[in-house]
Amino acid sequence: MATDTVTDVFEEHRPVLMGVAYRMLGRVADAEDVVQESWLRWSAADQPQVRDPRAYLVRVTTRLAIDRLRHVQSRRESYVGPWLPEPLVTDYGPTVPDTAEQAVLADSVSIAVMVVLESLSPLERAVFVLREAFGFPFSEIALTLDRGEPAVRQLAARARKHVDEGRPRYAVDPDERRDLTERFLAAATGGDLDGLVSLLAPGVRLVGDSGGKAKGPLRAIETADKVGRFLGGAVRRGLPQGAELEARFLEVNGADSVLVLVDGKPDSLFQLDVADGRITNLYVIRNPDKLVGLPF
């Protein structure tokens with residue numbers, strides 16, 4: 001196979017490979033490393049003997065991601081405070097023309113689902129990603145993982161049950177999320193504490209990821225009263241004197257989010273889950289290492 005053809009085939013499947021690797025690892029740099037290693041394996045392979053390049057590449061990428069995940073899980077055990085996935089800008093546009101397929105991809109990469117995936121074993125996570133996000137048949141997943149199909153079906157059932165128990169139990173309306181996000185931003189930047197608290201559901205949960213490299217809560221905060229008090233403290237402290245604040249909307253992990261810049265540098269990323277007109281989950285990423293790859 002000519003070199004340009006080898007490259008073209010790989011590039012054709014790169015979005016799927018990146019999608020699998022990111023959902024497995026939750027970090028863009030780790031996913032890119034895995035995809036690069038997949039390219040090296042592919043370029044060294046006997047391509048004429050590969051009957052299904054997509055299946056081959058997904059198999060290689062998945063196995064590499066499982067190995068990488070087992071390594072990074074030990075690293076995350078020493079992470080300071082809650083861990084959230086590195087935000088991934090998602091705008092499928094014409095690359096995924098089917099609206100239903102866009103919805104599936106967006107849900108499978110949502111921050112809420114990615115957090116739940118962290119509690120799965122590497123094999124369960126691989127099965128869930130391949131089956132739920134990309135629709136691979138059980139027979140192909142079994143070949144990828146070198147497991148029997150009945151075992152793969154059991155892994156899939158356990159993973160799906162766990163994810164269903166941990167993900168929000170409601171469908172988030174994109175327009176409602178956007179409206180609540182804009183109102184939250186207006187109240188926060190305007191110092192309107194009462195306005196902020198009025199947007200919170202009674203059982204709201206705030207998860208902040210600072211990695212010990214920025215100010216942030218070292219554990220999740222729950223209930224409207226406690227989250228309101230935390231936000232109130234942040235509002236009262238405000239910005240350093242003379243600092244310039246800018247907020248930009250981005251589609252991150254399949255949903256509208258707000259990137260806050262202070263003096264032109266990314267400071268925080270906010271994303272909300274909403275239901276019945278109230279905020280139910282508030283994710284705040286402040287670890288600068290996780291914000292540097294966002295467009296600003």
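Reader: In this structure, which residue of β5 is the bridge partner of L261?

Author: The model is a predicted one, and in it β4 and β5 pair in the antiparallel sense over 5 bridges. The two strands form a hairpin with 2 residues between them, and D263 in the turn has a positive phi of about 55°. Within this pairing, the residue of β5 that partners L261 is P266.

Reader: Which residue takes a positive phi in the hairpin of β3 and β4?

Author: Strands β3 and β4 run antiparallel and are joined by 8 bridges, with L250 standing opposite S257 in β4. Their hairpin has 2 residues between the strands, and the residue with a positive phi, near 50°, is N253.

Reader: How many of the 8 residues of β4 are buried?

Author: Burial here means a relative accessible area under 20%. Strand β4 is largely enclosed by the rest of the structure, because the number of its 8 residues that are buried is 7.

Reader: In what order do the 6 strands of the open sheet stand, and which are the edge strands?

Author: The pairing in this open sheet is mixed: β1 and β6, for instance, run parallel and are joined by 6 bridges, whereas β5 and β6 run antiparallel and are joined by 7 bridges. The order of the strands is β2-β1-β6-β5-β4-β3. Each edge strand pairs on one side only, and these strands are β2 (221–222) and β3 (245–252).

Reader: Which residue of β6 is the bridge partner of D209 in β1?

Author: Strand β1 is mostly covered, with 7 of its 10 residues buried, and it is joined to β2 by 2 antiparallel bridges, where R205 stands opposite E222. On the β6 side, where the strands run parallel, a residue that also stands opposite L269 is the partner of D209, namely I285.

Reader: Is S210 buried or exposed, and what is its relative accessible area?

Author: S210 is found in the loop between β1 (200–209) and β2. Leaving aside neighbours within four places in sequence, S210 is in contact with Y79, K215, G216, R286 and N287. With the limit for burial set at under 20%, S210 counts as buried because its relative accessible area is 3%.

Reader: How far is the backbone oxygen of L145 from a polar atom of the side chain of R147?

Author: R147 lies in the loop between α7 (138–145) and α8 (149–166), and at 40% relative accessibility it counts as partly exposed. Not counting residues up to four places away in sequence, R147 touches L123, A142 and V152. The polar atom of its side chain lies from the backbone oxygen of L145 at a distance of 3.2 Å.

Conventions
Residues are numbered from 1 along each chain as its sequence is written. This is a predicted model: local features need pLDDT of at least 70, side-chain atom pairs count only at pLDDT 80 or more; totals for chains, interfaces and linings use all residues. Side-chain values use heavy atoms; hydrogens and water are left out. Helices (H or I, at least four residues) and strands (E, at least two) are DSSP runs, numbered from the N terminus. Buried means under 20% relative accessible area, exposed over 50%, partly exposed in between (1.4 Å probe, protein chains only). Contact means heavy atoms within 4.5 Å. A polar contact is a pair of N or O atoms within 3.5 Å; within protein, one must be able to donate a hydrogen and the other to accept it, and residues adjacent in sequence count only if both atoms are side-chain atoms. Two strands pair if DSSP finds at least two bridges between them.
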